Amino acid sequence: MPEVLPSHQMTVRGEPIPLSALQHAIYCLRQAALIHVERLWEDNRFTAEGHVLHAVADKAASRKVRGIRRVMALPIACTRLNLSGIADMVEFLAHEDGETPFPVEYKRGKPKKHRADEVQLCAQALCLEEMTGRRVPEGALFYAETKRRVVVTFDADLRGLTEQTASKLQSVFEERTTPPPTDLKQRCRACSLVEVCRPKAVVKPAASWRKRMLASILAEAP
């Protein structure tokens, strides 16, 4: 039987964090700040393909397929983490005591080595849990290149990473600051913002910033 979540008091803090910002932050916190704080954006082939894929998913609709209720482009939010956005699709799986949400996020390409897509999907689950009061144990990522779903289990590690990322973004939003670039050269090459980011121009100050971030993470570690 699906677990029913207990009710709890929520707090709202400033401007909501877009769900997509969590994906950007896992890939690169500087990229997330450039997009969501400085409002900078540049398309490349990868982002253009993503826009085409979401053109269908972003059309609001509700229907039943094989007994499963599917809702497209569902607005969702989590006041506890100050998150908001739109889920590409949520399947509501019927049980004797009600429906359990199962979020499905559409992505171009194929599964990645980093966890950016998983964190974005987990954030959707946290929103749905708060909105429905029901535990959301898993969801799925649908990749256009493979045309397959990858089921994602929302375990303690993924939930922790998602909440930590939301907390870091909250600080970025409140301070209105853009972190220096990381040294992930491969990700920089694939980033559509590399020309406006100019990572090489600020690479020296980044070393001291990374040391401060590492010290902060170690201080928070149990």
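Let's start with Thr162, which sits in helix 5. Keep in mind throughout that this is a predicted model. Is Thr162 buried or exposed? Thr162 counts as buried, because its relative accessibility is 0% and the cut-off for buried is under 20%.

Now let's zoom out to the core. The largest nonpolar core has 38 residues. Those with the most contacts inside it are Ile17, Leu22, Leu74, Ile76, Leu83, Phe154 and Leu169. Who supplies it? At least two residues each come from helix 1 (19-27), helix 2 (29-36), strand 3, strand 4, helix 4 (116-132), strand 6 (138-143) and helix 5 (156-175). Helix 4 gives the largest share, 9 residues.

Take Leu169 from that list. Setting aside neighbours within four places in sequence, Leu169 is in contact with Ile17, Ala21, Leu22, Ala25, Leu29 and Ala32.

On to helix 1 and helix 2. Their axes come within 5 Å and cross at roughly 140°. On the helix 1 side, the contact is made by Ser20, Ala21, His24, Ala25 and Tyr27. Helix 2 brings Leu29, Gln31, Ala32, Ile35 and His36.

Most residues other than glycine have a negative phi. Ala73, though, has a phi near 50°, which is positive. Ala73 lies in strand 3, residues 68-78, and it is buried, with a relative accessible area of 11%.

The other one is Asn82, where phi is near 60°, again a positive value in a residue other than glycine. Where is Asn82 found? Look in the loop between strand 3 and strand 4, the latter being residues 83-95. Asn82 is buried too, because its relative accessible area is 3% and buried means under 20%.

That's my tour; happy to take questions.

Technical notes:
Residues numbered from 1 in each chain as written. Predicted model: local features only at pLDDT ≥ 70, side-chain atom pairs only at ≥ 80, totals over all residues. Heavy atoms only, no water. Helix = DSSP H or I, 4+ residues; strand = E, 2+ residues; numbered from the N terminus. Buried < 20%, exposed > 50% of the residue type's maximum accessible area, 1.4 Å probe, protein only. Core = buried A, V, L, I, M, F, W, Y, C linked by side-chain atoms within 4.5 Å. Contact = heavy atoms within 4.5 Å. Axes fitted to C-alpha atoms, helices over the stretch in contact; angles between N-to-C directions.
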